[in-house]
Amino acid sequence: MTHYRRWAGPFGEMLATEEDQAITGCYCIGQKYQPNIAPQWKEDPLNPLLLQLEEQLDDYSQHPEHEFALPLAPTGTPFQQSVWLALQQIPTGQTRYYQQLADSIGRPQSARSVAAAIGRNPILILIPCHRVIGKNGSLSGFAAGLELKQHLLHIENQAALTNAYSH
């Protein structure tokens with residue numbers, strides 16, 4: 001059964017889903033490809049895993065260098081899964097181009113398909129699709145809007161700079 005929770009967080013109104021003790025979705029309400037709440041879903045505002053997600057997102061907003069420590073189970077095709085796994089390998093404060101991601105999964109001719117899979121990422125922020133930019137450095141595409149993408153990259157870059165100067 002899918003459990004869900006809605007809340008207002010540092011990145012706006014959020015919706016998260018959980019099944020079988022794993023996060024299956026994390027969305028900004030109103031974003032592209034956000035699912036509708038299905039009648040069989042159970043609203044669960046006290047779900048421990050969803051509360052941990054909220055807490056870790058709050059922490060990330062202040063300390064983006066901290067890693068998320070939650071079980072993730074996004075649903076998608078094998079190709080989408082490979083792209084989402086590759087996204088999780090991009091370190092905080094760094095970015096990649098779509099072509100670099102395509103190369104990293106052994107599909108150098110699939111940059112457009114990689115972009116489509118990134119756009120369908122069901123677990124925003126934790127699977128960091130915001131770290132992929134256009135080859136010319138442009139902030140192309142983000143299901144929750146380019147303003148949020150820019151904000152996420154900004155807080156990660158600020159944290160990276162702070163850490164570089166403190167060491």
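I count rings of Phe, Tyr and Trp (its six-membered ring) as a pair if their centres lie within 6.5 Å; planes under 30 degrees apart are stacked, over 60 edge-to-face, and the rest tilted. This is a predicted model, where local features need pLDDT of at least 70, side-chain atom pairs count only at pLDDT 80 or more, and totals for chains, interfaces and linings use all residues. Residues are numbered from 1 along each chain as its sequence is written, and side-chain values use heavy atoms, with hydrogens and water left out.

**Rings**

I looked up the aromatic pairs and found three. Tyr4 and Trp41 make a tilted pair, 6.0 Å centre to centre with 50 degrees between the planes. Tyr60 and Phe68 are also tilted, at 5.3 Å and 35 degrees. Ring pairs join Phe11, Tyr60 and Phe68 into a cluster.

I then checked accessibility (buried is under 20% relative accessible area, exposed over 50%, partly exposed in between; 1.4 Å probe, protein chains only). Tyr60 is buried at 2%, whereas Phe68 is partly exposed at 23%. Tyr4 is buried at 8%, and Trp41 is buried at 18%.

**Cysteines**

How many disulfides are there? I took a disulfide as a pair of cysteine sulfur atoms within 2.5 Å, and the count is zero. Cys129 is in no disulfide either; its nearest cysteine sulfur, in Cys28, is 9.8 Å away. I noted Cys26 as buried at 0% and Cys129 as buried at 4%.
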